[in-house]
Amino acid sequence: VSARLASSLPDGVPVVVLGVGGSLVTGFSPGDVVVANSFGLADAGPGADLRVTSEPCPLDQRSMAFADRLAADLSGTFPSTQLAPMLSANRTARGGERAVLSESGAVVCDTESFWLARLAERRPFAVVRSIVDTPDRELMSVSTVTGGMLGLKRLADIARLIVGSRS
């Protein structure tokens, strides 16, 4: 799917992927913003725990410059914005898996950025994640509703800011 999407986009046009993610480490709260500076991969077979299968690798120079600018722009409105490593996994990280995955240096886990990074082949590429769950506020807890709503509201705010600055 990402190869087909990549081939349909014009060369050189920046691509920003917005979404939610789960913090792998403490210190984040729902609604905090993270812009990826590197991507890695985690995987779990049926019934197995997630484990890192590809350590986070830095973005290419063009995408890193774009991510730096985007993080700086977003931090003016969202002071919690950080540039940090991310992992993508084939499912949501739970419980003790977060600590294991964080050993890679990644601070956020999502379920699609690694595969969408193919969009960077001929254009600047950035991933922005709004935190919805943390090690002490798991996704399947009572706090999911408030954390999820805050994370999604933050995404809408970010989208308006990005689209407004490009108009």
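**View 1. Strand β1 gives the most to the lining of the largest pocket, with 3 residues.** In this predicted model, the largest pocket has a volume of about 230 Å³ and is lined by 16 residues, among which Val20, Gly21, Gly22, Thr92 and Asp133 lie nearest its centre. Elements that each supply at least two residues of this lining are β1, β5, β6 and α5 (144-166).

**View 2. Strand β1 pairs with β6 in the parallel sense and with β5 in the antiparallel sense.** Between β1 (residues 15-23) and β6 (residues 125-133) there are 8 bridges, and leucine 18 can be found opposite valine 128 of β6. The pairing of β1 with β5 (residues 108-110) rests on 2 bridges, with glycine 22 standing opposite cysteine 109 of β5; Gly22 is also one of the residues that lie nearest the centre of the largest pocket.

**View 3. Helix α2 spans residues 61-77 and has its buried residues along one face.** The 17 residues of α2 reach 25 Å from the first C-alpha to the last, which is close to the 24 Å expected at 1.5 Å a residue. Buried in this helix are Ser63, Met64, Phe66, Ala67, Leu70, Ala71 and Leu74; seen down the axis of α2, the buried residues fall within an arc of 160°, so they line one face of the helix. The face turned away from that buried side carries the exposed residues Gln61 and Gly76.

**View 4. Aspartate 60 caps the N-terminal end of α2.** A side-chain oxygen of aspartate 60 lies 3.1 Å from the backbone nitrogen of arginine 62.

How values were computed
Residues numbered from 1 in each chain as written. Predicted model: local features only at pLDDT ≥ 70, side-chain atom pairs only at ≥ 80, totals over all residues. Heavy atoms only, no water. Helix = DSSP H or I, 4+ residues; strand = E, 2+ residues; numbered from the N terminus. Expected span 1.5 Å × (residues − 1). Buried < 20%, exposed > 50% of the residue type's maximum accessible area, 1.4 Å probe, protein only. Arc of directions from axis to C-beta. Polar contact = N/O pair within 3.5 Å; in protein donor to acceptor, adjacent residues only side chain to side chain. Pairing = 2+ DSSP bridges. 1 Å grid on protein atoms, 1.4 Å probe; cavity = no way out; pocket = protein on both sides within 12 Å on 5 of 7 lines; lining within 4 Å. Points joined across faces, edges and corners; volume = space filled by probe spheres on them.
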